[in-house]
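The sequence and the structure are shown first.

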Amino acid sequence: WSWLREHFNTDGMVPGVPSWMSTVIVVLVVAAGIALLILLLTRLSSARRVVTPPPLSVLTDDRDADTLTRAADAAAVQADFATAVVERFRAIIRSLDERGIIDEYPGMTALEAAALAHRALGTHPVVTPLHEAAHRFDAVLYGHVVSTRSQDRQMRELAAQVVTITLPAGRPLAGAT
């Protein structure tokens, strides 16, 4: 105990000032040092955690349409309609890609996918609801809209329509030259 008191005696740490002032100065310097250390450690650890975000893309993973549909169904069962709407739209776009109606590419947005479908399908009745679904996808994904059971039902209906789509006669498959 004596040894600790001797080493932490603030009486002579700042010469020419009263001992209470010396104690205050030492405490402030130590607190500033600790704050600086915490700030540096926090910045270093958060700098390590920063990852370059992937491009905003409709298809952010490699799951196939069936897997995405199952994920949407599971989310809907749990009343997680936001996830259900997002995953079902991804399933719709992946289905169009898997069947060669559109060509999905990295960084594709929902509206770009709808535009590609429009180009491939022309005036097919599913084109307008697909554009609406793209806007709904963006609104739900980016937090502008709280998704509902009704929106999930609309996405289910759209998915059922998209499954039956075939390319109009005379139109080449996506990516074909």
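Two residues are in contact when heavy atoms of theirs lie within 4.5 Å. On that basis, among contacts in the protein chain between residues at least 6 apart in sequence, 62% join residues at least 24 apart. The model under discussion is predicted.

**Overall architecture**

The protein chain contains seven helices and zero strands. Read from the N terminus, its elements follow the order α-α-α-α-α-α-α. The chain has 177 residues, of which 31% count as buried. Its accessible surface amounts to about 11300 Å², and carbon and sulfur atoms account for 63% of that area.

**The pairing of α5 and α6**

Helix α5, residues 110-121, packs against helix α6, residues 127-141, at an angle of about 170°. The axes of α5 and α6 are 8 Å apart. Because angles over 145 degrees count as roughly antiparallel, α5 is roughly antiparallel to α6. On the side of α5, the contact is made by A110, L111, A114, A115, A117, H118 and L121. Helix α6 contributes V127, L130, H131, A134, H135, F137 and D138. Sorted by class, the contact of α5 with α6 comprises ten nonpolar, three polar and one charged residues.

H118, which is located in helix α5, is one of the residues that make this contact. Not counting residues up to four places away in sequence, H118 touches V127 and H131. The C-alpha atoms of H118 and L130 are separated by 8.7 Å, although these residues are twelve residues apart along the chain.

**The aromatic pair**

A pair of aromatic rings is described by the distance of the centres and the angle of the planes. A search of the whole structure finds one aromatic pair. The rings of F89 and F137 have centres 5.0 Å apart and planes at 35°, so the pair is tilted. F89 belongs to helix α4, residues 81-98, and F137 to helix α6; the pair therefore ties together parts that are 48 residues apart in sequence. Both F89 and F137 are buried. F137 is also among the residues of α6 that make the contact with α5.

**Selected residues**

Q151 is situated in helix α7, residues 149-163. Not counting residues up to four places away in sequence, Q151 touches V85, R136, V140, V145 and V146. Q151 and V140 are eleven residues apart along the chain, and their C-alpha atoms are separated by 10.0 Å.

A79 occupies the loop between α3, residues 65-77, and α4. Its phi is near 60°, a positive value in a residue other than glycine.

| Residue | Relative accessible area | Class |
|---|---|---|
| Q151 | 14% | buried |
| H118 | 38% | partly exposed |
| A79 | 47% | partly exposed |

The classes follow from two cut-offs, because buried means under 20% relative accessible area and exposed means over 50%, with partly exposed in between. Q151, at 14%, is therefore buried. H118, at 38%, is partly exposed, and A79, at 47%, also counts as partly exposed.

Conventions
Residues are numbered from 1 along each chain as its sequence is written. This is a predicted model: local features need pLDDT of at least 70, side-chain atom pairs count only at pLDDT 80 or more; totals for chains, interfaces and linings use all residues. Side-chain values use heavy atoms; hydrogens and water are left out. Axes are lines fitted to C-alpha atoms, for helices over the stretch in contact, and angles run from 0 to 180 degrees between N-to-C directions. Helices (H or I, at least four residues) and strands (E, at least two) are DSSP runs, numbered from the N terminus. Angles under 35 degrees count as roughly parallel, over 145 as roughly antiparallel, 65 to 115 as roughly perpendicular and the rest as oblique. Ala, Val, Leu, Ile, Met, Phe, Trp, Tyr, Cys and Pro count as nonpolar, Asp, Glu, Lys and Arg as charged, and the others, Gly among them, as polar. Rings of Phe, Tyr and Trp (its six-membered ring) pair if their centres lie within 6.5 Å; planes under 30 degrees apart count as stacked, over 60 as edge-to-face and the rest as tilted. Buried means under 20% relative accessible area, exposed over 50%, partly exposed in between (1.4 Å probe, protein chains only). Accessible areas come from the Shrake-Rupley method with a 1.4 Å probe; for residues, only the protein chains shown count as cover.
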